[in-house]
Every structure is written in C-alpha cells, then in structure tokens.
Amino acid sequence: MLNRIKEDIACVFDRDPAAQSVFEVITTYPGFHAVLIHRVSHFFWIAEFRWLARFIAHIGRWLTGIEIHPGAVIGRRFFIDHGMGVVIGETAVIGDDCTLYHGVTLGGTSWDKGKRHPTLHNGVVIGAGAKVLGPIDIGENARVGSNSVVLKPVPPDATAVGIPAHIVDPKSRAVTAERDKIAYKMGFHAYGATTDVPDPIAYAINHMLDHIHEMDRQIETMQKALNDAGIKYTETPISKLDGCEIEDGYGKDKP
C-alpha cells in the first residue's frame, strides 16, 4: 500500500508541472485523494462489503467531486488532473500510467449487468470533458481529445477527436524517441491533444479532393491519347476545384 501511495505521488510530479512539494500533493490534490479513497472502497467491494464500499465511495465523491464506483478496476500510477466532474463506472477497467482530466466520463450505454463500461489500456490520456461510452477498448498509449464523445474502440497509439470521435491520421506517430520522451515528461500531450492535431473532417475531405484532382489528371491524359490516335473526343467543360481545400487557420502568421 505504501509503495502504491508513493507511486501515486510521484506520478503527479511527472505529469503536472504545477506540483511543488509532496505535502502540497497530499493535502491539496483531489485526484490523489480520490484514487486513495477508491483503493479503500475497492478493497471492501472485493471483500463483499458492498454497502460499506459504496458509502466510502460516496464520501470520496462528496470530498473531491470525483465519482469512482468501488467496482472499477484501476491500475498503478493513475492520475486525475483537476478532477472535478470525473465519473468512472462500475465495470470500467483502467490500466497503468493512465491520465484523466476534469469532466471525463467513463460511462455505460446499457442497463445490462455485464461489462458495460470502457477499458483503458496502459498509457491512455483522456482530455477534459471527453465522454467514453460503452464496453469499448481504448488502446495502449491512445489519446482522446477534450470534449470528444467516443463510442467505438480506439486503436493503440491513435488520437481520437470530435463528436462522435474520429481517428486522426492513424498512420501518424512521433518519429523520434526523444520527442516521445519529452511528451511523456510533459504529461502525454496535456488534455489529449496537441496544437498540430488536424481536423479529421478536413483531413478526409482534403484527401478526397486530392483523389479527384488525380482522376482529373488521368482523364486529361486519356483525352490527349484519344486525340493523338485520331479518335474525336468532344470535351465538356468541368468546373475547377481549386480553392476547395479546408484550412483550420491554426499556425498561420497574423497579418
């Protein structure tokens, strides 16, 4: 138990640069308090003292503003930053080194008694206000952007953003170990997003436009080949798509 507490304190310093001292973490961090209370309530839940477990969890909710069902399974070095409004359901499973920000819900979409809440694998980050709903898997080291609503599984190392959530360029990944190390030290991309995360809708539309432009180029080549072969081809004017690309405006120099 003492080793777990030491790990929980150490992970706060790893992921929150505002932390100043161990005493400050122990006395003023509601996320740390919520995890500590959950360890106690979960012990009684496993021991079949269900009412006592729920009552301890209720006291923890009242003290911290964080609601964790005593049946939820939580791994090591779990960090809840700020914490107010976090809800973690009964059948939720959270792996090691996961991070949740305020307003996150790990909720269910069914009234069935079985598994109905998400499973977060190791290293997952869920941004502020995000809702992860249903018995879905969020893969290892995945990110969920702030205020996203996730209804489908997220593969490992991917980033999901939007309502409903879409996977942002699943092939993209940090290319150097040094960049990964810095991201880890600074909190695994705070709030589950970075300034260079593209809009998934714009990303899809822009790729469709690229495909259409390529088709236009191939048709023009075929037209020229037909004309060179003496086959008369009547050309019908086609509207141009120049300027249809979608830009989000971020990263542009201000006038």
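**Cavities, cores and an open sheet**

The lining of the largest cavity comprises five nonpolar residues, four polar and one charged. Here Ala, Val, Leu, Ile, Met, Phe, Trp, Tyr, Cys and Pro count as nonpolar, Asp, Glu, Lys and Arg as charged, and the others, Gly among them, as polar. The model is predicted: local features need pLDDT of at least 70, side-chain atom pairs count only at pLDDT 80 or more, and totals for chains, interfaces and linings use all residues. Residues are numbered from 1 along each chain as its sequence is written, and side-chain values use heavy atoms, with hydrogens and water left out.

**Largest cavity**
- The structure has two cavities of 30 Å³ or more. A cavity is a set of points, on a 1 Å grid over the protein atoms alone, where a 1.4 Å probe fits but cannot get out; lining residues have an atom within 4 Å of a point.
- The volume of the largest is about 70 Å³, taken as the space filled by probe spheres set on the points, with grid points joined across faces, edges and corners.
- Its lining includes Ala 34, Ile 37, His 38, Ser 41 and Arg 61.
- α3 (30-46) and α4 (50-64) each supply at least two lining residues. Helices (H or I, at least four residues) and strands (E, at least two) are DSSP runs, numbered from the N terminus.

**Second largest cavity**
- This cavity has a volume of about 30 Å³.
- Asp 8, Val 12, Phe 32 and Phe 78 are among its lining residues.
- α3 gives the most to this lining, with three residues; α1 (2-15) and β3 (79-81) each supply at least two.
- The lining splits into six nonpolar residues, one polar and one charged.

**Nonpolar cores**
- The largest nonpolar core has 29 residues; Phe 78, Ile 88, Leu 100, Leu 120, Ile 126 and Ile 138 touch the most other members.
- A second, separate core of eight residues includes Cys 11, Val 12, Val 25 and Tyr 29.
- A nonpolar core is a set of buried Ala, Val, Leu, Ile, Met, Phe, Trp, Tyr and Cys residues joined through side-chain atoms within 4.5 Å; buried means under 20% relative accessible area (1.4 Å probe, protein chains only).

**Sheet**
- Five strands form an open sheet in the order β1-β4-β7-β10-β13, with parallel pairing.
- β1 (67-68) and β13 (149-150) are the edge strands, each with a single partner, so one side of each lacks a neighbour in the sheet.
- β1 pairs with β4 (residues 87-88) in the parallel sense over two bridges; strands pair if DSSP finds at least two bridges between them.
- Glu 67 stands opposite Val 87 in β4.

Methods:
On a 1 Å grid over the protein atoms alone, a cavity is a set of points where a 1.4 Å probe fits but cannot get out, and a pocket is an open set with protein on both sides within 12 Å along at least five of seven lines; lining residues have an atom within 4 Å of a point. Buried means under 20% relative accessible area, exposed over 50%, partly exposed in between (1.4 Å probe, protein chains only).
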